Amino acid sequence: MDKEHPVEGYLVSKQTFEQKMNQLGIKDQDTVVVYDEGDDTRATRLFYALEYYGHQNVRLLNGGYKAWQANEGKISKDIHSPKRGNFTARENDRLMVTKDEVKNVIGEKDIVIFDVDHL
């Protein structure tokens, strides 16, 4: 997420995201599994960012790291030094909506708007 943007949780630019994924060794053909401690939204935000920037094969670990440990999943403490990836960011504008687009569909039949902060 863009820590410099005034709106919390705002996505970083396409170029910044691509550069970071390449530094982490992510390749276009990789399956990426994202997780967090299981009580946060960071993993789902990264899941969305990967899909928004065109990654075709991303998964979310149900319950996060805590669930993995509770189910006795294998854990490695090996340090991994990835080689540079070849991730290519391609924006999927179908996964983003603007304020004006939301305003234009308020009250429309068959449109559902969720405020997930209130679930």
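Trainee: Why is Arg-90 called partly exposed?

Mentor: This is a predicted model, and the values are computed from it. Arg-90 has a relative accessible area of 45%.

Trainee: What makes the pair Arg-90 and Asp-28 a salt bridge?

Mentor: Their side chains meet at 3.7 Å, N to O. The cut-off is 4 Å, so the pair qualifies as a salt bridge. By this rule the count comes to 1 salt bridge. The pair links distant parts of the chain, 62 residues apart: Arg-90 lies in the loop between H3 and H4, and Asp-28 in the loop between helix H1 (14-23) and strand E1 (32-34).

Trainee: Is Asp-28 buried, partly exposed or exposed, and why?

Mentor: Its relative accessible area is 25%. Buried would need a value under 20%, so Asp-28 is partly exposed.

Trainee: How do you know that the side chains of Glu-91 and Tyr-52 make a polar contact?

Mentor: The distance given for this contact is 3.4 Å, and the limit is 3.5 Å. The C-alpha atoms of Glu-91 and Tyr-52 are separated by 5.7 Å, although the residues are 39 apart along the chain. Glu-91 itself is partly exposed, because its relative accessibility is 44%.

Trainee: Why is Ile-106 called exposed?

Mentor: Ile-106 has a relative accessible area of 59%. With Ile-111 and Ile-113, Ile-106 forms a nonpolar patch on the surface.

Conventions. Residues numbered from 1 in each chain as written. Predicted model: local features only at pLDDT ≥ 70, side-chain atom pairs only at ≥ 80, totals over all residues. Heavy atoms only, no water. Buried < 20%, exposed > 50% of the residue type's maximum accessible area, 1.4 Å probe, protein only. Polar contact = N/O pair within 3.5 Å; in protein donor to acceptor, adjacent residues only side chain to side chain. Patch = residues over 30% accessible without salt bridge, like charges linked within 9 Å, V, L, I, M, F, W, Y side chains within 5 Å. Areas by Shrake-Rupley, 256 points an atom, 1.4 Å probe, with all protein chains shown as cover. Helix = DSSP H or I, 4+ residues; strand = E, 2+ residues; numbered from the N terminus.
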